[in-house]
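Trainee: I've just opened this one. Can we walk through it together?

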Amino acid sequence: MNLLYPEFLWALLLNIVPIFIHLFNLQKHETIFFSDVSLLKSIEQKNKRKSELKNILLLISRMLLVSSIVIAFCFPYRKDDKLIDLANSSSIGIYIDNSFSMSRNNKNQSLLEAVKDDALKLIDNLPNKTKYVLTTNNKNENYQYAINKNEIKREIINIQHSPFNLRISDLIEIQKEQFNGKSINSFWFTDLQKNIFDLENKLINKKLGTINVIQYTSNSNNNISIDSVWFENSNREVNKNENLYIKVNNHSNNEIEFQTRLKINTDEVLNQSFNKVKSKEVKIIKFIYAVNSKGIKNGEINIISPQSNDLRFDDKYFFTYTISDKFKVVNIHEGENKSNKSIQRLFESVEKTQFINIDIKNGYSSQDLNGDLIIINELSEISDKLINDLLKSNKKNNILFIPSLNKEPRYNKLFNLINIKSSLLIKSKVDLDLESIDLNFFKNIFSNYNENLDLPYFNRYLIVDNSNSVKTLAKFNSGDPLLSKYTFRDNQIYLLSSNLSLKNSNFTNHALFVPIFLRIKEESSNDLIQQISIDKVKSIELKSNIQQNGKVQITNKVTEPTLSFFPLIRNNLGASFAYIENNIESTGQYYILNEDSVIDCFSVNNVKSESKMMFLEKKEFINQMKNLDLENQIKYWNSKENSYPNVLINKNNNLEYWIYFIYLALIFLVLEIIIIKNIS
């Protein structure tokens, strides 16, 4: 016989209570003398023997009653003789999927709790000497060494839901490391969400070992989630209505009614909206609000979900933005350039904008390039050093490139990076084509126009062989691009095919010059939402240059934080970066402090793919394994069908004795009553 909870045997010490009662009944009584007690002596001796027998029987019955109850709570059982012997394995791997999708319920129990119960059954069915390696979605908490039976039980009981998930390829690599390159003998308890499946033939070592995948499913898979938030315009202002859009996805097959609440900085903005979203529909919700002060704005959106919503982790979304005091424009030119004056007059007239001219002939420092919008203005050559300083750093830049058209320019290195294969100088007069304007980019600029509208002309321009990833914002009437937008490593690069020289164009004297350049400035604004997916939290660019580690602190609250750490600070091209990877494991708002002063804030949200209620079906998984020639190494089981590996099935055949000890306790209780009433 085995005990599932042997640690409860300490309660046998409660048997001391009936022993004390017994000893109390044996205490000596006062003797009273009579002249003649010969008649009573025989009666006294007979009653004394009965009393002693009664006390002994009561003591035994009470001790057996207490012991029966204690042993019943220890859950006694006998292992089935048909138990599969895995003793030859040096260690057994156990993977428990603790992602948020495992918070769904089945039979009034979350899938994670069901998984933990089955994992404990597996461990109880294995020999006591078996060693284990435990894997969860929290990579940093996975042991790289084997642990014993009691240790893994304790770890499994304490497993909580995690915002992270592991792809199957990552899981295999982790368990290979845990098994020190030896053959894997493992049990995976998971719901097999489709977003984790990424196996390819070339990624799998055929000497993988044996993996038993047990899938857990829920009868209901309803879920609505907040996908993203964004502002209609890029530039944030005080006391001006903002149009904030929220994208909500309904991943279920049912129509759902819900309430959405918006909060900015605790109580600066409080708003709510009632909505209905159809099955599989994407709903865009609009909030209109205004703030009354500059600075950091922490936003929180909550979906007040109905009971039919099976996942709640994605009902809350965090975002952060800043209404700043300045915008820095850096104009890099070569010698005297008359167009500099037009650009300078424009940006110096714009509120909270700082304009800096840099003559490349006089050299520059990395600090000079630390701007919100960098204009490369008619350089005859873009050096490798300038390209590396702008595009090969961790810093995200917004660059407006205005080419030189006087002679054959040398831009090959830049063009190669943004996938421009060739360029050709055209000497022909063309006009701006209004019908080609990207109205989403130039909002409210070209809303009304007529055929007689005076348009800027251009005498020279570059034709470039564009890649598929380019976004054309405006064209000439010849059909060639005038303004294009490229993306390279999160850098936004705007290419103006002509330039601002009066010999080539009247653009700077035209009414459209100011709104077009201001729209590029708005799109480059640092007032954008700062939001990061928790699986991509690596580094944060600081708004001020900091040279020393130990000064910057990151906390989840300004006062009385529950999480606080000092990140590693590194500097690159005049910008400072705080490296925070592996330090943040939950969503929310995080504050960046420099010597106890808040200098910035950022928001961390859950992985979006976890919200999708898409899971591999049995046939789909088995076919995938056959296609990968892995059906003999990775085996499929399903808890819903009561399909388990034998080592788990045998647990169900164990003989459980706890109920018999409860019956014994009742028998001893009745026996005690009989003794008290019938033995006098």
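This is a predicted model: local features need pLDDT of at least 70, side-chain atom pairs count only at pLDDT 80 or more; totals for chains, interfaces and linings use all residues.

Trainee: Is I16 buried, partly exposed or exposed?

Mentor: I16 is partly exposed, at a relative accessible area of 44%. Buried means under 20%, exposed over 50%, and partly exposed in between (1.4 Å probe, protein chains only).

Trainee: Where does I16 lie?

Mentor: I16 lies in helix α1, residues 16-25. Helices are DSSP runs of H or I, at least four residues, and strands are runs of E, at least two, numbered from the N terminus.

Trainee: Got it. How many helices and strands does the protein chain have?

Mentor: The protein chain has 12 helices and 32 strands. Of its 680 residues, 48% are buried.

Trainee: Switching to α4. Which residues are buried there?

Mentor: In α4, residues 149-157, the buried ones are K149, I152, K153 and I156. They fall within an arc of 105° seen down the helix axis, so they line one face of α4. That arc is taken from the directions from the helix axis to the C-beta atoms.

Trainee: Why would residues three or four places apart point the same way?

Mentor: An α-helix has 3.6 residues a turn, so residues at that spacing point the same way.

Trainee: What do the buried residues of α4 pack against?

Mentor: They pack against β3 (91-96), α3 (111-125) and β4 (131-135).

Trainee: And what caps the N-terminal end of α4?

Mentor: N148 does, with a side-chain oxygen 3.2 Å from the backbone nitrogen of N150.

Trainee: New topic: Y461. Buried or exposed?

Mentor: Y461 is buried, at 3% relative accessibility. It is found in strand β19, residues 457-464.

Trainee: Which side chains does the Y461 side chain make polar contacts with?

Mentor: One is the side chain of S478, at 3.4 Å. Another is the side chain of D480, at 2.9 Å. A polar contact is a pair of N or O atoms within 3.5 Å; within protein, one must be able to donate a hydrogen and the other to accept it, and residues adjacent in sequence count only if both atoms are side-chain atoms.

Trainee: Last one. How far apart are Y494 and N398?

Mentor: They are 96 residues apart in sequence and 7.9 Å apart in space, C-alpha to C-alpha. Y494 is buried, with a relative accessible area of 0%.

Note on methods:
Residues are numbered from 1 along each chain as its sequence is written. Side-chain values use heavy atoms; hydrogens and water are left out. Contact means heavy atoms within 4.5 Å.
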